[in-house]
Amino acid sequence: MKLSALQPIRRANSFRSPSSAPLDGGAAPSDGPLFRSPTAIFWLLLHAICCLVSLALGFRFSRLLFLLLFSPSSSPSPPSPPVLLLHRRPDLPLSPHPPTPFATPNATGSRVVVGRHGILVRPWPHPNPTEVMRAQRILDCVQREQRLQYGVKNPRPLLVVTPTYPRTFQALHLTGLLHSLQLIPYPLTWLVVDAAGVGAASNETAALLARSRVPVLHIRFSGRMPLRWSDRHRTEARMRLQALRVIKERRLEGVVVFADDSNVHSMELFDEIQKVKWMGAVSVGIVAHSGNPGMVAPQQLSKEEEENSPVPVQGPACNSSGQLAGWHTFNSLPYVNKSATFIGDGAMVLPQKLEWAGFVLNSKLLWEEEEGKPDWVRNLDEVGVNGEEIESPLDLLKDASFVEPLGNCGKKVLLWWLRVEARYDSKFPAGWVIDPPLEIIVPAKRTPWPHAPPELPSGKVATSQDPLEKRSSKTGRSSRSRRSSRNKRKREPQIDTHI
Amino acid sequence: MGKGSWLLALLLLSSLLGTISVQELEQRHRTERISGSAGDVLEDDPVGRLKVFVYELPSKYNKKILQKDSRCLTHMFAAEIFMHRFLLYSPVRTLNPEEADWFYTPVYTTCDLTPNGLPLPFKSPRMMRSAIQLIASNWPYWNRSEGADHFFVVPHDFGACFHYQEEKAIERGILPLLQRATLVQTFGQRNHVCLKEGSIIIPPYAPPQKMQAHLIPPDTPRSIFVYFRGLFYDVGNDPEGGYYARGARASVWENFKDNPLFDISTEHPITYYEDMQRAVFCLCPLGWAPWSPRLVEGVIFGCIPVIIADDIVLPFADAIPWEEIGVFVAEKDVPKLDTILTSIPPDVILRKQRLLANPSMKQAMLFPQPAQPGDAFHQILNGLARKLPHPRNAYLKRGEKILNWTAGPVGDLKPW
């Protein structure tokens with residue numbers, strides 16, 4: 001709905017309504033300047049009052065008036081005739097298709113009028129959730145098309161190698177990694193090397209992997225995960241080697257990525273590694289976890305430590321012509337006395353000089369009798385035998401200078417290394433499911449939850465009620481048990497008898 | 001054996017056809033040919049189809065004005081200066097006026113700038129009049145046709161109406177002396193006094209190098225749904241709102257300022273061009289005049305322009321099918337903008353993006369230095385060539401006079 005222009009004057013006095021336009025100031029014709037007509041005085045007084053009101057309010061409320069009076073766009077209003085008639089012009093040959101769907105072919109003058117128009121605001125300006133979902137689908141469509149046109153042309157499948165073992169934080173780390181892998185748009189196979197022993201522990205990992213929507217190859221590793229970090233690094237290397245041997249035996253094709261379960265990967269990493277020809281290296285950000293914040297006080301850091309960047313980065317170093325010149329490794333000297341020795345002892349966990357996670361390789365490097373395989377690679381069967389310790393994938397090569405630096409020559413950090421582990425003797429419910437529900441429920445005195453009606457101890461309830469009520473009370477019980485179980489976990493062997 | 005060879009031949013043929021069709025599909029995937037109502041004319045070469053004679057005016061009409069303020073070369077009205085420079089060295093230029101089809105008068109009417117950089121149009125009518133008097137008295141070609149085979153570049157807000165305020169521009173109307181000439185202007189609105197029949201609408205000048213310098217990799221995913229940066233209320237000139245942009249920009253703000261799909265604000269960030277390349281739709285609402293450089297920026301950066309300006313005529317409308325490339329929203333439908341945009345089917349959106357990706361489309365919106373084939377200069381010449389041959393009433397009989405040299409406001413008649 002458009003307000004027609006009255007006079008083509010900017011900043012027209014907003015209090016002049018269309019009907020009273022002729023009544024304004026022109027009603028003081030020949031009288032002298034001292035004597036004014038009553039209407040003029042009236043308008044002057046009204047103007048003055050409104051000015052004072054605006055002063056009191058702090059803003060010109062004319063806009064508000066306009067909004068309230070003229071804004072409801074749902075009500076259809078008759079089109080007001082344009083006062084400013086523009087010259088009639090024949091339809092121009094330049095524009096044969098009028099964009100607005102007006103049915104009238106012969107426009108007498110223009111429908112578009114100069115002047116003050118109302119600001120159309122719909123009564124419910126909030127977004128409609130269906131429309132938001134449609135917009136997201138449109139964005140998704142556009143991005144898929146972009147990827148098709150400008151992204152990687154022939155994506156190779158990925159072979160993700162992850163060493164793991166059952167422990168408290170395994171569910172945390174593996175679930176995170178699983179969700180990251182599910183987002184990757186390329187076909188992939190997840191090779192999980194599991195250092196579980198025999199018994200219930202060996203099914204933990206399997207239970208977690210059962211939720212996976214990506215194809216998983218669950219490889220059992222004979223051997224337990226040691227408790228010292230230095231031994232653990234070595235065991236992990238052996239586990240990865242076993243996965244590589246599986247790749248070699250089955251002649252699996254693709255790009256091998258070493259994704260440790262506690263690392264954090266960005267999606268750009270998986271786009272970048274598609275560019276690798278034989279073996280590539282990316283920059284890894286090291287997030288060395290400092291368990292006890294009081295241990296390393298900032299003032300005590302030596303100058304040397306301050307000179308290091310806040311997040312050290314491991315990766316390839318290039319010379320000015322973009323070729324591999326060396327390696328940025330982790331300098332562990334400043335932390336030598338403060339690092340963790342046992343898993344979960346609360347101190348900083350340090351990485352090795354070069355972590356496996358920063359390397360990717362073409363699986364054809366591992367196959368035997370593959371034409372086109374470069375000669376600077378060792379035969380996988382000879383690696384790791386006779387007690388040889390493999391520290392990084394560079395030990396798989398005879399000549400490390402052929403490694404391709406990825407991620408803008410190592411300038412982009414595409415993944416982050418960190419190790420967060422609970423104490424090795426910490427207990428957790430198997431599969432993180434509390435089943436069967438805990439038997440004894442005692443209301444804790446200081447719960448933060450609102451006071452619920454007191455429940456009788458479970459033994460009495462079970463005997464005296466119908467099955468229906470029993471079921472309802474049972475669910476009530478289980479929800480309560482979950483709540484009180486959180487309080488109880490810390491004092492597991494004791495039973496709180498406070499009522 | 002015969003059957004085997006037939007089979008082989010059939011297989012070969014089918015594989016050949018298969019590869020050809022795959023290639024075509026790939027081509028079609030990337031871009032699409034643009035053909036407007038005049039046909040497939042964006043890639044036409046005007047050389048050889050017309051001849052243009054450039055009048056030699058004293059430098060007070062062009063060079064001296066430019067020397068006084070060199071900002072004229074970078075603001076959005078710079079097309080008049082660059083058109084002059086292009087024509088001076090173009091193969092369509094002829095030094096023999098007898099064989100010319102079109103005559104060009106290089107007068108920079110939009111170069112009188114305020115300290116802020118906005119052009120003042122108050123002296124432009126007198127300047128234009130003075131230039132026309134000069135060419136009428138020194139050459140016979142103006143009087144021969146009273147300007148019907150002459151063209152002028154008038155890139156100001158309302159073209160040859162020479163005023164920035166719409167009502168004043170409408171009051172003045174097009175300069176009476178130009179009523180037979182062809183006007184090359186940025187302003188285009190149907191049924192408006194300041195757009196006469198036969199005008200060629202051009203895009204506003206946008207610096208090509210500056211835009212090329214801000215290109216980002218095309219595989220950066222487009223994650224912004226609707227993008228706009230600019231004023232919604234012109235507090236200086238229209239504090240209450242409702243006048244500026246006919247209330248359309250204010251309506252956009254009031255309706256969608258809290259909508260997460262709309263990235264709209266008045267703050268101009270440094271990453272303005274990069275952000276446009278990450279957006280699917282770019283709003284191009286009218287301001288004080290219906291045209292804006294946002295259209296050019298949207299086309300260059302592949303962002304679908306959403307044009308909110310009733311009855312607007314877009315650049316080169318007979319060569320570019322704007323209906324298929326942009327989205328037109330009536331000003332009264334602004335409150336429903338989100339519904340309109342989200343209900344466009346995705347394949348239509350993909351097709352619009354393919355049309356925008358066509359390099360000839362992007363080239364047609366630019367004024368590169370030096371000129372390149374298919375750019376806006378060539379589209380102007382193509383437009384002029386399409387108007388040839390001149391109709392019979394273009395040339396006046398002996399003694400016939402149509403123009404009234406004393407028409408218009410008295411102030412315009414003063415010499416410049």
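Me: Is B:Glu146 buried or exposed?
Reply: B:Glu146 counts as buried, at 0% relative accessibility. Buried means under 20% relative accessible area, exposed over 50%, and partly exposed in between, with a 1.4 Å probe and protein chains only. The model is predicted: local features need pLDDT of at least 70, side-chain atom pairs count only at pLDDT 80 or more, and totals for chains, interfaces and linings use all residues. Residues are numbered from 1 along each chain as its sequence is written, chains are lettered from A in the order in which they are written, and side-chain values use heavy atoms, with hydrogens and water left out.

Me: Which side chain meets B:Glu146 in a salt bridge?
Reply: The partner is B:Lys401, at 3.9 Å from N to O. A salt bridge is a side-chain nitrogen of Lys or Arg within 4 Å of a carboxyl oxygen of Asp or Glu.

Me: Where do B:Lys401 and B:Glu146 sit in the chain?
Reply: They link distant parts of the chain, 255 residues apart. B:Lys401 lies in the segment after helix H15 (376–386) of chain B, and B:Glu146 in the loop between helix H5 (141–145) and strand E3 (150–154). Helices (H or I, at least four residues) and strands (E, at least two) are DSSP runs, numbered from the N terminus. B:Lys401 is exposed, with a relative accessible area of 57%.

Me: How many salt bridges are there over all chains?
Reply: The count comes to 36. One of them joins B:Arg71 and B:Asp69 at 3.1 Å, N to O. B:Arg71 is partly exposed at 34%, whereas B:Asp69 is buried at 15%.

Me: Which residues of chain A are linked in a network of salt bridges?
Reply: The network links A:Arg167, A:Arg232, A:Glu236, A:Arg240, A:Asp260, A:Asp261, A:Arg419 and A:Glu421.

Me: New topic: at what angle do helix H3 of chain A and helix H13 of chain B cross?
Reply: The axes of H3 (residues 129–150) of chain A and H13 (residues 346–357) of chain B cross at roughly 45 degrees and come within 10 Å. Axes are lines fitted to C-alpha atoms, for helices over the stretch in contact, and angles run from 0 to 180 degrees between N-to-C directions. H3(A) is therefore oblique to H13(B); angles under 35 degrees count as roughly parallel, over 145 as roughly antiparallel, 65 to 115 as roughly perpendicular and the rest as oblique.

Me: Which residues make the contact?
Reply: H3(A) contributes A:Ile138, A:Cys141, A:Val142 and A:Glu145, and H13(B) contributes B:Pro346, B:Ile349, B:Leu350 and B:Gln353. Contact means heavy atoms within 4.5 Å.
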